[in-house]
Amino acid sequence: MATLVQHLAAPSTYKDHQYKGSQQEWIDLLNQSCTLYVGNLSFYTTEEQIYEIFSKCGEIKRIIMGLDRVKKTPCGFCFVEYYTHEDAVDCMKYVNGTRVDERVIRTDLDPGFREGRQYGRGKSGGQVRDEYRQEFDPGRGGWGHLKAQEEARRAAMEQQRTQAPLTHEVPAGTAMGAPLEMPGKHVAP
């Protein structure tokens, strides 16, 4: 029988582009995974807040907060590891789509945390999605990285324009206010 509603325990169709195995190996890993990827977090969400919410679904083994690769500051995602696959699936069912720090978070099964995955993959060190964000988002550090660079350039140009003194060069050998003499022309006083 066909259904109109997606099953809550079904992982998304996302596949990590850095994963080297086959699609079937990816699915097999997800079917036994105890790790959740949590996305769309505020940069200000703490590990304690994550623990408080996610521990309601099962005993947490560890939480790994996502960090900006360059600044080593939170960049809006984390991994939550449970002791059992069932707890991870329950959490995905019940916590996905809830609000944390005024943001709707996303959860998905992850094949498992490996060292280095806690860092953002964007060119600026944060998440790729924040590179191209055009709107101002105070929960994710303000402007997206490219928009922030554009805004900084615009502000610097505006500052230069407003602070640049308006000067006119006075030719050497003339006094301020004295008439200039043009070659071949005589100006009467």
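Trainee: Is Phe77 buried or exposed?
Mentor: Phe77 is buried, at 5% relative accessibility. Buried means under 20% relative accessible area, exposed means over 50%, and partly exposed is in between, with a 1.4 Å probe and protein chains only. This is a predicted model, where local features need pLDDT of at least 70 and side-chain atom pairs count only at pLDDT 80 or more, while totals for chains, interfaces and linings use all residues. Residues are numbered from 1 along each chain as its sequence is written, and side-chain values use heavy atoms, with hydrogens and water left out.

Trainee: How many aromatic pairs are there?
Mentor: The count is three. Rings of Phe, Tyr and Trp (its six-membered ring) pair if their centres lie within 6.5 Å; planes under 30 degrees apart are stacked, over 60 edge-to-face, and the rest tilted. One of the pairs is Tyr37 with Phe77, which is stacked, at 5.8 Å centre to centre and 25° between the planes.

Trainee: Where do Tyr37 and Phe77 sit?
Mentor: Tyr37 is in strand S1 (residues 35-39) and Phe77 in strand S3 (residues 74-82), so the pair ties together parts 40 residues apart in sequence. Strands (E, at least two residues) and helices (H or I, at least four) are DSSP runs, numbered from the N terminus.

Trainee: And what kind of pair do Tyr37 and Phe79 make?
Mentor: Edge-to-face, because the ring centres of Tyr37 and Phe79 are 5.9 Å apart and the planes are at 70°. Phe79 is buried at 1% relative accessibility, whereas Tyr37 is partly exposed at 23%. Tyr37, Phe77 and Phe79 form one aromatic cluster.

Trainee: New topic. What is the strand order in the open sheet?
Mentor: The four strands run S2-S3-S1-S6, with antiparallel pairing. Two strands pair if DSSP finds at least two bridges between them. Strand S2 (60-67) and strand S6 (106-110) are the edge strands, each pairing on one side only.

Trainee: How many bridges join S1 and S6?
Mentor: Five, in the antiparallel sense. Thr35 stands opposite Asp110 in S6.

Trainee: What about His85, which helix is it in?
Mentor: His85 is in helix H3 (residues 85-95), and His85 is buried at 18% relative accessibility. A polar atom of the His85 side chain lies 2.6 Å from the backbone oxygen of Ser33.

Trainee: Which residues does His85 contact, leaving aside neighbours within four places in sequence?
Mentor: Leu30, Asn31, Gln32, Ser33, Cys34 and Leu109. Contact means heavy atoms within 4.5 Å.

Notes:
A polar contact is a pair of N or O atoms within 3.5 Å; within protein, one must be able to donate a hydrogen and the other to accept it, and residues adjacent in sequence count only if both atoms are side-chain atoms.
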